[in-house]
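I opened this model to look up its strands, its sheets and the surroundings of its ligand. My entries follow in the order in which I made them.

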Amino acid sequence: MRKRTLVGVDVGTTKICSVIARIQEDGFRVSGVGVAPSTGLKKGVVVNLTETIDSVTRSLDQAERDARVGVDSVYVSVGGIYVQGLNRSGKAEIRSKTGEIDKEDISRALADAKSIQLPRHYEIIHMLTQGFTVDGQEHTKDPLGLVGRRLSVNLHLVLNAGAALQNVVNAVNKVGVGVNGVVMQQLASAEAVLSEDEKELGVILLDIGGGTTDFAFYRLGSVWESAVLPIGGDLITKDIAIELRVSLEEAERLKKEHGTVFPERVDSEAVLEIREIGTGRARTLPYRDLCQVIQARCREILSEVQTLVDRIHRKEMLTGVVLTGGGALLDGLAEQAEEILQMPARVGYPMPMESDRELAFDPSHATALGLIRYALDMHGVGSGNGAGTMLPEASKSRRGGLMNWFLRKIT
Ligand SMILES: Nc1ncnc2c1ncn2[C@@H]1O[C@H](COP(=O)(O)OP(=O)(O)OP(=O)(O)O)[C@@H](O)[C@H]1O
Ligand SMILES: [Mg+2]
């Protein structure tokens, strides 16, 4: 039975964002949002369970109060430096006398593709179908009933370290809610900010968070590459703090309120009032100094992305790059991405959805909002191929009952 409420919890490095949505005939309506600072993660990985539980509790409580509903199970984003994407293909001989492909042939081809030696202690969290070919002919998404002798499938597998995955699930379970499914962060963000046309024609999604920059390359409606870079917006803040000798809090404020990627566009005489680290003494510094620090680090982040883009070798098939996550709000970053990556770039705001909550329209909430769209797909509503990971149906609620304390092997 389809649930009437869906809840997404984005467990990020800088904040935990919970979104509650009511399912309607034509989609969903955001009815509650909760955001709490996240202190228990480093580069997308849980390093302090108690702090993570506390942050998730605060975020969910806030969303529940906002929506005036209680939550018993959620979809959770997973990210971090242990997430890896890889492509695999599998084959199956078509067994029926007529040569018609049946479900069993498809299952055997899929099983062949995922029968790989996983790195020790790693789990498959997504098995995303890129497409099938029959006797080496044209790519199709649905080969059922087609006639041929040999079926091949291409998959994009997403792996995560089992312990990293389990720690996120445990943190959420210990808040008292079950986990319906886990979704790689950039996959969720893509649901919120990319159009179906972009995914079909070719697009790169970059979710620039606090701790990591998550990369995904879509074409023909599927993921063909994914990666997590261990660099994000918090590094820019740290650089500012060190170079300009201000506290992290002051550096974050300077970045958000005054930061821009292009120092040459700032008046060369302009100065900023700052408070010195340690002493708290007020002083001034040239505005351009701040922008130079920002420019250098952003250039580095984007050149790491360039290395991934170069590996794809399919530039001619791209519509461009879409930047989302809180880091995408940095003034001038999309323009710098256009220059470095040599393709059109835009900031990805979550696509219009029914909501009266302003928070719902911020790129840093793309993952949480995308989780709702993703979950809706899995419930058989909405568009997309719905491929993803479902954990066993979470059991019961904060108001009692069992929960999936242990993550079972996903197939
Ligand atoms: N207006 C802004 N200008 C520049 N940077 C910003 C702005 N708003 C937020 N950021 C930066 O975005 C980052 C946080 O982004 P986001 O909320 O997407 O991260 P997260 O999801 O918690 O982390 P991750 O995805 O890495 O686990 C921080 O580094 C923050 O400084
Ligand atoms: Mg994030």
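**Conventions.** I take helices (H or I, at least four residues) and strands (E, at least two) as DSSP runs, numbered from the N terminus. This is a predicted model, so I used local features only at pLDDT of at least 70 and side-chain atom pairs only at pLDDT 80 or more, while totals for chains, interfaces and linings use all residues. Residues are numbered from 1 along each chain as its sequence is written, with chains lettered from A and ligands numbered from 1 in the order in which they are written.

**Leu235.** I found Leu235 in helix H6 (residues 233-244). Leu235 counts as partly exposed, because it has 18 C-beta neighbours inside 10 Å. I also checked Leu235 against Cys298, 63 residues away along the chain: their C-alpha atoms are separated by 9.4 Å.

**Whole chain.** I counted ten helices and 18 strands in the protein chain. Of its 411 residues, 47% are buried. For contacts I required C-beta atoms, placed from the backbone, within 7 Å. Among contacts between residues at least 6 apart in sequence, 69% join residues at least 24 apart.

I let two strands pair if DSSP finds at least two bridges between them. Strand S1 (residues 5-11) and S2 pair in the antiparallel sense over seven bridges. A hairpin of three residues joins S1 to S2. S2 and strand S3 (residues 27-37) are also antiparallel, over ten bridges. The hairpin from S2 to S3 has two residues. I followed Ser18 of S2: it is the bridge partner of Val9, and it stands opposite Gly34 in S3. Why is S2 largely enclosed by the rest of the structure? Seven of the ten residues of strand S2 (residues 15-24) are buried, so the rest of the structure largely encloses it.

**The four-stranded sheet.** I traced an open sheet of four strands in the order S7-S10-S8-S9, with antiparallel pairing. Strand S7 (84-93) and strand S9 (139-140) are the edge strands, each pairing on one side only. Helix H2 (residues 103-114) packs on this sheet, touching S7, S8 and strand S10 (150-161), and its direction makes about 135° with that of S7. For such angles I use lines fitted to C-alpha atoms, for helices over the stretch in contact, and values run from 0 to 180 degrees between N-to-C directions. Strand S8 (residues 122-134) and S9 are joined by two bridges. Phe132 stands opposite Thr140 in S9.

**The five-stranded sheet.** I read the order S14-S13-S12-S17-S18 in an open sheet with mixed pairing. Strand S14 (222-229) and strand S18 (345-347) each have a single partner strand, so one side of each is left without a neighbour in the sheet. Strand S12 (residues 203-208) and strand S17 (residues 321-324) are parallel over four bridges. Leu206 stands opposite Leu323 in S17.

**Ligand 1.** I counted a residue as near if its C-beta atom, placed from the backbone, lies within 6 Å. Of the 26 residues around ligand 1, Gly12, Thr13, Gly209, Gly233 and Gly326 come nearest. H6 and helix H7 (248-258) are the elements that give two or more residues to this shell. Domain 1 (1-84 + 159-195 + 351-411) and domain 3 (197-349) both give residues to the shell, so ligand 1 lies between them. The domain bounds come from an automatic or database domain assignment.

Terms used: Two residues are in contact if their C-beta atoms, placed from the backbone, lie within 7 Å. A residue is buried if 20 or more other C-beta atoms lie within 10 Å of its own, exposed if 12 or fewer, and partly exposed in between; C-beta atoms are placed from the backbone.
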